[in-house]
Amino acid sequence: MTSTANLYGLVLSGGKSTRMGTDKGLIPYHGIPQREYLYHLLNKVCEKTFISLRSEQVSELPNGMQYIVDEDQYRGPYNGLLSAHHQYPQAAWLVLACDLPLMDLEALEQLITERNTQMLATAFAQRENPLPEPLCAIWEPKALDTSVSYLESGVGTCPRKFLINHEVQLVFPTNQQVLLNANSEEDYKEALAKMS
């Protein structure tokens with residue numbers, strides 16, 4: 001079955017950023033908080049875009065930004081993903097973690113161009129370690145419906161493991177650096193070095 005779902009964008013920024021020691025979504029790599037930078041990128045390629053966050057973070061957002069508050073029904077990234085799916089169950093979601101400082105428009109356009117709507121998801125992957133990046137991926141509605149069963153079965157809570165065990169289109173970004181995750185102080189310094 002081919003998905004014809006509209007593509008919505010979602011910046012996941014409701015995590016606690018314990019390893020970084022400061023909210024990763026607020027780091028201004030590009031002169032504005034990273035979650036806002038990614039929101040504006042997604043807005044260029046998606047029909048609608050939202051920031052996923054905890055209720056206490058809402059007051060930090062600029063006026064006019066669309067957001068979805070985490071429902072706290074699930075653990076980890078699935079919390080934001082499925083909160084968005086519950087509000088817009090017919091949409092496919094282009095999801096980005098807020099800790100991708102080198103993500104750019106060209107990479108997002110490549111992911112969308114190579115989207116395979118017959119698969120549950122289309123995900124970026126590194127060539128040398130071709131595992132799906134679940135937080136840099138397009139999730140079709142069926143993938144999120146199926147994820148609920150996966151979580152309720154008690155088998156696991158990891159979105160990457162879910163994608164590994166299902167039909168997923170892997171996309172290798174032309175610029176592999178866009179997949180750099182800045183989760184720690186060392187990663188932050190590496191990202192700044194690559195950007196300069």
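**Exercise 1: aromatic pairs**

The whole structure holds 10 aromatic pairs, a pair being two rings of Phe, Tyr or Trp (its six-membered ring) with centres within 6.5 Å, stacked if the planes are under 30 degrees apart, edge-to-face if over 60 and tilted for the rest. This is a predicted model, in which local features need pLDDT of at least 70 and side-chain atom pairs count only at pLDDT 80 or more, while totals for chains, interfaces and linings use all residues. Residues are numbered from 1 along each chain as its sequence is written, and side-chain values use heavy atoms, with hydrogens and water left out.

Task: determine how the rings of Tyr 78 and Trp 139 are arranged, and which parts of the chain the pair links.

Step 1. With 5.9 Å from centre to centre and 70 degrees between the planes, Tyr 78 and Trp 139 are edge-to-face.

Step 2. Tyr 78 belongs to helix α2 (residues 78-87) and Trp 139 to strand β6 (residues 136-139), 61 residues apart; helices (H or I, at least four residues) and strands (E, at least two) are DSSP runs, numbered from the N terminus.

Step 3. Tyr 78 is buried at 0% relative accessibility, where buried means under 20% relative accessible area, exposed over 50% and partly exposed in between (1.4 Å probe, protein chains only).

**Exercise 2: cysteines**

Task: find how many disulfides the whole structure contains.

Step 1. The search finds zero disulfides, the criterion being a pair of cysteine sulfur atoms within 2.5 Å.

Step 2. For Cys 46, the nearest cysteine sulfur is that of Cys 136, 12 Å away.

Step 3. The sulfur of Cys 98 is too far for a bond, because the closest cysteine sulfur, in Cys 136, is 12 Å from it.
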